[in-house]
Each structure stands twice: as C-alpha cells, then as structure tokens.
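User: I would like to learn how to read aromatic pairs and nonpolar cores. Can we work through an example?

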Amino acid sequence: MFAALLNLLSGSLPSAAINALVVAGGGGGGFDGGGGGGGGVFVASAFTVPTQNQIPVIIGAGGISDGFFDGRAGYSGENSSFFNISSNGGGGGSSFSDGAALSGGSGGGGSKFFYESGGLGNVPPLTPSQGSNGGNGFDGEDGGGGGGGGGGGGVGANATLTTGGAGGAGRSVAVAGVAQTVSGGGGGSIVDYTGGGAGGTGGGGAGARSSNIIAGNGTVNTGGGGGGGYNGLYDVSGAGGSGIVKIWYSGAQRATGGTITTVGSFIVHTFTTSGTITFTS
C-alpha cells in the first residue's frame, strides 16, 4: 500500500510484464486482379505496461471488397495497436483497369496488369518483419493476378498464363505455447482457366475464376487478405479479414478486459473488437 502511494505521488505507476500478439486487418482483393496482402504481425515478449490505467486496444478492419464493376484496386486493411505497439494493414490487390497493387506495412497486394510487380511489404520506415511482397501479374488479358504476400510470412506467388498466383503463407506464432498461423495473403484471379490462386494459410481468401467461382474473403480475426475478383458476373473481390490482439501472462489473473481464458499456466486476454485492458498488478 505504501509503495503504491509513493508511485501515485511521484506521478509513476508500477508495471506488469506481459506478452502480446497484434495483428492488423488484411487488404482487400482487386477488381479482376490480385489478392490482398495479409495484415501486419507484431509479437512482443516480456513487454512492460503500466498498471491501474485503462490501455486502449484497437482492432483494425479488413479492406472492404470491391463493388460490381468498380474497376479499382483493393482497399488496404486498417492498423491494429496496443499501448505503443502497432501493426500495419495489408496492402490491397491491383486491378486490371486501375493500376498497381498497393504497398503496405504488411504484405503487398498482388498485381494484375501486364507483368506488373506486386506491392511491397515493410515499406520504410515501418517496422521490419511485418510483411512480405505480393506476387507479380502475368498478363492483363489472360493471366491471373499474383497472390498477396503473407503478413511476416511467405511472399505471394507470381501468376502464370493458366493459374492465379497463390497467396503467401501467413506467419506462425505461439500464443501461450500454442502455435497458430495468421495473416495469409489472398489469391489472385484468373480468366478462363483452371482456377484462381489459393489463399495463403492463415486466413487468406482464394482468387476468383470465370467458371462461377467467386473470390473468397479473408477469414475474420486472422488478418488474412481477400482474393482477387474476376472481371465478369462474378467480379466482386474478397474483403480482407479483420485483425486480432492477444495478451497473455503466466500465473493468476491480474487484468480485466477482452475475452479471458486459461491456457495451461497462462491467462490469455483476446480482443476481436476494440476495447481496453486494465492491469491491477
């Protein structure tokens, strides 16, 4: 009690050591184009935060899907943050009629315009390791768009004449000792051939193709990128998946906020929507 009073009088607060996973929203796929990039991923270990304060937790939304015959590149995902950690939203995929894929702090979107390069991940001065580059398009008339790069995972695959580029694999992370994969890139679309690019592991949506296959959305709360849309009746591209924040520590519960679970010897606070967390000790 006396130590706590001294902290308050001196204007400082005691701190708690925790671990945190912060995943941003994935980028949306492009019109007749490339897959969206996976959201940025940031993992902090033994991270120190003040106690007794409400600390905001912001969950970034995924990039919205393209409307019918909108003709534009995919929309980038939104950033997620907790205290002074921020992960950057995935870049949107390119479109055939509206130019280049968008770059982002996470995976760049795949391209779909005459061999054009995919968007870049880790755009300076953003924190390294949050994302990988998107794949390249093959040809605006025939080839599918390259898959978006995974958030800190694999690079998006390039498109070929007959196949849309697959989304880059997401990043495998361990939360309270349990492995999970987040932020897969979205697959690129294809015209008149076997299939759109597969979504990357970790929530990436598949790309569309002309034979009645609609682009897939990135999985909610994974930061997965949306698949590229096909230019025709099924031209709506996939939306990016929203982000997520998980905060965990060992021992007894010493914070409130989010959905609270026990995993082995750890307490885990999971945020799928924005909120606050308060550490009491």
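Analyst: Start with the rings: the structure holds 3 aromatic pairs. Rings of Phe, Tyr and Trp (its six-membered ring) pair if their centres lie within 6.5 Å; planes under 30 degrees apart count as stacked, over 60 as edge-to-face and the rest as tilted. The F47 and F82 ring centres lie 6.2 Å apart with planes at 65°, so this pair is edge-to-face. This is a predicted model: local features need pLDDT of at least 70, side-chain atom pairs count only at pLDDT 80 or more, and totals for chains, interfaces and linings use all residues. Residues are numbered from 1 along each chain as its sequence is written, and side-chain values use heavy atoms, leaving out hydrogens and water.

User: Which parts of the chain does the F47 and F82 pair link?

Analyst: Strands are DSSP runs of E, at least two residues, numbered from the N terminus. F47 sits in strand β2 and F82 in strand β4 (residues 80-82), 35 residues apart.

User: How many residues has the largest nonpolar core?

Analyst: A nonpolar core is a set of buried Ala, Val, Leu, Ile, Met, Phe, Trp, Tyr and Cys residues joined through side-chain atoms within 4.5 Å. The largest here has 20 residues; F82 and I277 are among those with the most contacts inside it. β1 supplies the largest share, 4 residues.

How values were computed
Buried < 20%, exposed > 50% of the residue type's maximum accessible area, 1.4 Å probe, protein only.
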